[in-house]
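Have a look at the sequence and the structure, then read on.

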Amino acid sequence: MTARERSTKRRGAQIDPPNRYESAHREQEFEQLCDPEDLASGERVVPTQFMPDRSQSILSENHSPDVGFRWSINPYRGCEHGCTYCFARPTHELLGMSAGIDFETKIMVKHDAPELLRRELAGDSWRPEPIMISGVTDCYQPAERRFRLTRGCLAVMLEARQPAMLVTKNALVLRDLDLLGPMAAQRLVRVAISLTTLDADLARQMEPRTSPPAERLRAIRELHAAGVPVCALIAPVVPGLTDSELPALLRAAKEAGARSAGYVLMRLPWTVLPVFFDWLERTYPLKKPRVEALLRSMRDGKFYDATWGSRMRGRGPLADQIEQVFDVFARKLGLDGSLPPLDMTRFRPPRPTAGQLRLF
């Protein structure tokens, strides 16, 4: 049985594309790794490994002009969700790993994230402005059930009355309603729930370890009921695969309680491209040529264009059509506005865990 004929159970990526920063590339022989029963099933199991991340800071500053936040927190590097299109996959190459299976099976954990955040918010140089939790990888990926680092960061933010924004595609966010509710009451938080498709089968294959669509809609409903402002983020829009669902996704989000909506066109930088197209060829081979052609038509003949502003939306007639459809239905459903502004005036430096108080 060849590598190409095997599948990695419950993983989005089935390949490890070469790391563009490394001169050597490894090829695995599955027969050396799997037991006979696993081989007979045509599947292999790759367990998730959790490794400590020794970062000395937790706040990352963003300089991209087309991203709506300056500061972000990412408690985890890599993501168990395994979304085949994830734009963050190439970040694992900076760690000497691959953007494929490594990205979703080798998770770097910032165990000190809450304490690092407390220290940085208490610093004299910090001036309160919103912090995005999950600017790169999902802060509510399955690892959060075990490590509870996102919850720890939220607790620090609530204590400091520090404004926060969250984006996730996991209903695990509901676990922290006891923190998000009080933050929302003080206008300190807003949440974006990422919706890709209403087709549960497609979601399970394209985003294998995320919450299914019905659970994400439930998350919107329960967040809304708790007074937490929610944005429905239709992301990514995959031309030829999910773009026709825009009206239905917006309608479902509105019925669940979303107060605004946005969208992002799928982007495939660097090694995301081979991971996604390998998945598409294995899962929807008849749709692959059309998806490729549509992507090229919106990226000036290329699969990806990193130009600020257009990288999230694309160019050309089809990109304009997607934008027009989104705008029409968002306006019709009352989702074309913004969420309420966050309150920056309530901030107070958190108390150090050592108990030493500030003099000024």
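R161 is partly exposed, at 27% relative accessibility (buried means under 20% relative accessible area, exposed over 50%, and partly exposed in between, with a 1.4 Å probe and protein chains only). This is a predicted model, where local features need pLDDT of at least 70, side-chain atom pairs count only at pLDDT 80 or more, and totals for chains, interfaces and linings use all residues. Residues are numbered from 1 along each chain as its sequence is written, and side-chain values use heavy atoms, leaving out hydrogens and water.

| Residue | Phi | Loop between | Relative accessible area |
|---|---|---|---|
| R187 | about 60° | α6 (177-185) and β10 (189-195) | 42% |

Those names come from DSSP runs, numbered from the N terminus: helices are H or I with at least four residues, strands are E with at least two. Most residues other than glycine have a negative phi, and most peptide bonds are trans. Now for a peptide bond: the one from A235 to P236 is cis, with omega near -10°, and P236 sits in strand β11.

Which strands make up the sheet, and in what order? The open sheet has 7 strands, ordered β4-β5-β8-β9-β10-β11-β12, with mixed pairing (two strands pair if DSSP finds at least two bridges between them). At the edges are β4 (59-61) and β12 (260-265), each pairing on one side only. Further in, β8 (residues 131-133) and β9 (residues 164-168) run parallel, joined by 3 bridges; I133 has L166 in β9 as its bridge partner.
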